[in-house]
Amino acid sequence: MTERQPKTFYVTTPIYYPDSDLHIGHAYTTVAADALARWYRLHGVDTFFLTGTDEHGQKIERRAGELGRDPGEFVTEMAGRIQDLWRRLGVSYDAFIRTSDPRHQRVVQMIFEKLHRQGDIYRSRYEGWYCTPCETFWLERQLAEGSCPDCGRPVELLQEEAYFLRLSGYADRLLDHIRRHPEFIQPASRRNEMVNFVLSGLEDLCVSRTTFSWGVPVPFDSRHVVYVWFDALINYLSGLGYGSDDPLERARFERFWPADVHLVGKEIVRFHAVIWPIVLMAAGIELPRKVFGHGWLILEDGKISKSRGNVVDPGTLADRYGVDAVRYYLLREIAFGADGYYSEAALVHRTDADLANDLGNLLSRTTAMIERFSGGRIPEPRPGDGVLREAAARAVRETTTAMENLELSAALGAVLEAARRANKYIEEQAPWELARLPGGGDRLAAVLYDLAELLRVLAVLLSPFLVVAPGAIWEQLGIARPIGQAGAADLAWGGLPGGLPIRRGLPLFPRILSRGSANAPR
Ligand code: MSP
């Protein structure tokens with residue numbers, strides 16, 4: 001890593017609504033956060049990765065009601081299913097926060113009460129429009145033809161006594177913070193949107209409800225429950241140990257806060273880049289370093305969403321194509337930040353082209369040649385022509401820069417570029433001819449060593465992104481140490497000892513489609 005390496009790294013995903021099973025769009029955010037967390041751990045950075053479920057609110061209460069279930073029991077089952085999905089996708093979170101956890105609720109009440117005491121939360125009457133699927137309040141003038149401007153669904157007129165958060169009083173401080181910290185909201189296009197949003201005038205936010213009861217009670221007025229977004233955002237504090245009775249948890253909070261990056265979808269940047277910093281300022285807590293708003297995976301008929309019924313189950317995809325194919329596709333196909341079309345055909349194509357052809361073939365060709373020309377053992381290292389050494393160094397450099405800029409797709413692109421270079425190198429060097437050349441033995445050994453060594457380094461570089469293949473590459477190269485123990489030092493050239501007996505195995509990524517197959521999934 002470069003001098004930009006932090007001492008600790010705290011990354012979060014949004015906490016998901018457990019009203020139904022998650023889809024590939026949700027997996028996108030979580031797998032990206034997982035790759036970041038694994039990347040920093042690989043570099044020896046003390047890392048904390050938080051995800052969880054956003055369990056309160058009208059949407060969940062209604063859904064449980066429709067199913068004739070108790071909301072608490074319903075969300076417990078759903079949270080279990082979500083954890084199971086993350087397990088199937090190899091997601092290595094350090095903690096899973098559920099907002100129905102009493103420890104979380106206590107922190108919400110603590111902050112609500114503090115803000116109320118100091119006058120940042122006050123009681124008044126609310127009259128306006130509410131979108132339940134988005135759990136969002138709108139002003140009449142913000143509606144799009146009478147419907148929710150975000151999702152286009154019908155809104156409901158609400159009139160009730162409620163508590164309000166004084167956003168208006170913090171607009172200048174927030175704008176000043178955004179100006180002084182250009183990295184706070186990323187990408188830059190989202191920052192501009194947020195600046196314009198704040199400049200257009202912040203209305204105070206309604207932060208309590210009386211029309212349903214599935215939420216955190218307002219501590220001093222039990223007819224009200226806390227607005228679900230106020231409740232949810234606080235997970236980033238409570239999930240780390242803020243306000244805990246346990247001194248170890250409090251120490252963890254001190255160690256990791258402020259968050260290095262909140263990864264969120266673009267439609268919820270506003271909550272994270274406007275409301276959340278204002279809650280924190282009011283509470284006297286440092287602001288997160290970065291809110292990154294990524295784009296959406298869309299299908300040809302629009303954004304994937306549960307209520308549109310066009311969902312794609314990531315667990316099924318992982319069963320069908322393997323967890324690495326799904327992770328690779330999500331991280332490589334779309335520049336992180338932009339929108340992109342999802343299709344199963346593109347997933348298959350990516351897997352075959354990059355993982356089966358470029359990476360998988362490189363490994364099988366290399367191990368086959370070591371078996372044939374080197375008695376099945378890695379040749380002793382010797383000075384070669386430096387071509388692959390340079391390709392590996394470049395991949396390490398480019399991946400590192402890309403990860404620091406949250407360009408996950410570019411990071412993977414750099415690794416695959418090195419694999420393609422190595423395949424070309426095999427053609428250029430034609431080891432099968434070197435083997436027949438009198439006195440070609442030294443060059444042959446140098447070529448084979450460099451190929452194996454490049455694969456060793458690429459496996460380490462891939463280990464934050466893929467969860468099966470990197471370990472399989474190490475095993476086939478005969479490296480006994482589990483790749484899970486690899487660190488940044490393993491990215492240096494020359495780590496592979498000569499003499500290791502290789503262990504050829506099954507192809508890393510068997511091709512899904514035979515060439516020219518007509519049975520491509522749509
Ligand atoms: N519960 C709130 C978040 C609270 S965070 C304090 C929420 N939940 S959600 O389940 O609706 O969505 C969670 C995340 O999934 C959002 O970041 C959203 O952008 C992301 N995605 C949902 N569908 C998506 C796509 N089709 N594509 C990419 N991301 C998408 O909002």
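The side chain of His294 forms a polar contact with the side chain of Thr29, at 3.0 Å. This comes from a predicted model, so please keep that in mind as you read on.

- You can find His294 in strand β12.
- Is His294 buried or exposed? With a relative accessibility of 3%, where buried means under 20%, His294 counts as buried.
- Setting aside residues up to four places away in sequence, His294 touches Tyr28, Thr29, Arg190, Val264, Gly265, Lys266, Phe336 and Gly337.

**Helix α6**

- Arg190, one of the residues touched by His294, is also one of the buried residues of α6, together with Arg191, Met194 and Val198.
- Helix α6 covers residues 188-199, which makes 12 residues. From first C-alpha to last, α6 reaches 16 Å, close to the 16 Å expected at 1.5 Å a residue.
- What do the buried residues of α6 pack against? Their partners are α5 (171-180), β7 (185-186), α10 (269-283) and β12 (291-294).
- After α6 comes Gly201, which has a positive phi, near 105°.

**The ligand**

- Which residues come nearest to the ligand? Of the 24 residues around the ligand, they are Ile15, Asp54, Gly265, Glu267 and Leu297.
- A polar backbone atom of Ile15 is 2.8 Å from a nitrogen atom of the ligand.
- In the side chain of Asp54, an N or O atom is 2.7 Å from a nitrogen atom of the ligand.
- An oxygen atom of the ligand lies 2.9 Å from a polar side-chain atom of Glu267.
- On its own, the ligand would expose 670 Å², and the protein buries 95% of that.
- The elements giving two or more residues to the shell around the ligand are α1 (24-42), α7 (228-233), α8 (235-238) and β11 (261-265). The most comes from α7, with 3 residues.

**Ser208**

- Ser208 sits in strand β9, which runs over residues 208-209.
- This serine is buried, with 0% relative accessibility.
- How does the side chain of Ser208 make contact with the side chain of His224? The two side chains form a polar contact at 3.1 Å.
- The Ser208 side chain also reaches the backbone nitrogen of Tyr163, at 2.9 Å.
- Beyond residues up to four places away in sequence, Ser208 touches Glu160, Ala162, Tyr163, Val218, His224, Val225, Val226 and Tyr227.

**Asp358**

- Helix α13 (residues 344-373) is where you will find Asp358.
- Asp358 counts as buried, at 13% relative accessibility.
- Between the side chains of Asp358 and Arg420 there is a polar contact of 2.8 Å.
- Asp358 and Met194 are 164 residues apart in sequence, and their C-alpha atoms are 42 Å apart in space.

**Glu77 and helix α3**

- Glu77 belongs to helix α3, residues 71-88.
- Glu77 is partly exposed, with a relative accessible area of 37%.
- Val387 is 310 residues away from Glu77 in sequence, and 54 Å away in space, C-alpha to C-alpha.
- The helix α3 has 18 residues and reaches 26 Å from first C-alpha to last, close to the 26 Å expected at 1.5 Å a residue.
- Which residues of α3 are buried? They are Pro71, Phe74, Val75, Met78, Ala79, Ile82, Leu85 and Trp86.
- Gly90 follows α3 and has a positive phi, near 70°.

Conventions. Residues are numbered from 1 along each chain as its sequence is written. This is a predicted model: local features need pLDDT of at least 70, side-chain atom pairs count only at pLDDT 80 or more; totals for chains, interfaces and linings use all residues. Side-chain values use heavy atoms; hydrogens and water are left out. Helices (H or I, at least four residues) and strands (E, at least two) are DSSP runs, numbered from the N terminus. The expected span of a helix is 1.5 Å times one less than its number of residues. Buried means under 20% relative accessible area, exposed over 50%, partly exposed in between (1.4 Å probe, protein chains only). Contact means heavy atoms within 4.5 Å. A residue is near a molecule or strand if one of its heavy atoms lies within 4 Å of it. A polar contact is a pair of N or O atoms within 3.5 Å; within protein, one must be able to donate a hydrogen and the other to accept it, and residues adjacent in sequence count only if both atoms are side-chain atoms. Accessible areas come from the Shrake-Rupley method with a 1.4 Å probe; for residues, only the protein chains shown count as cover.
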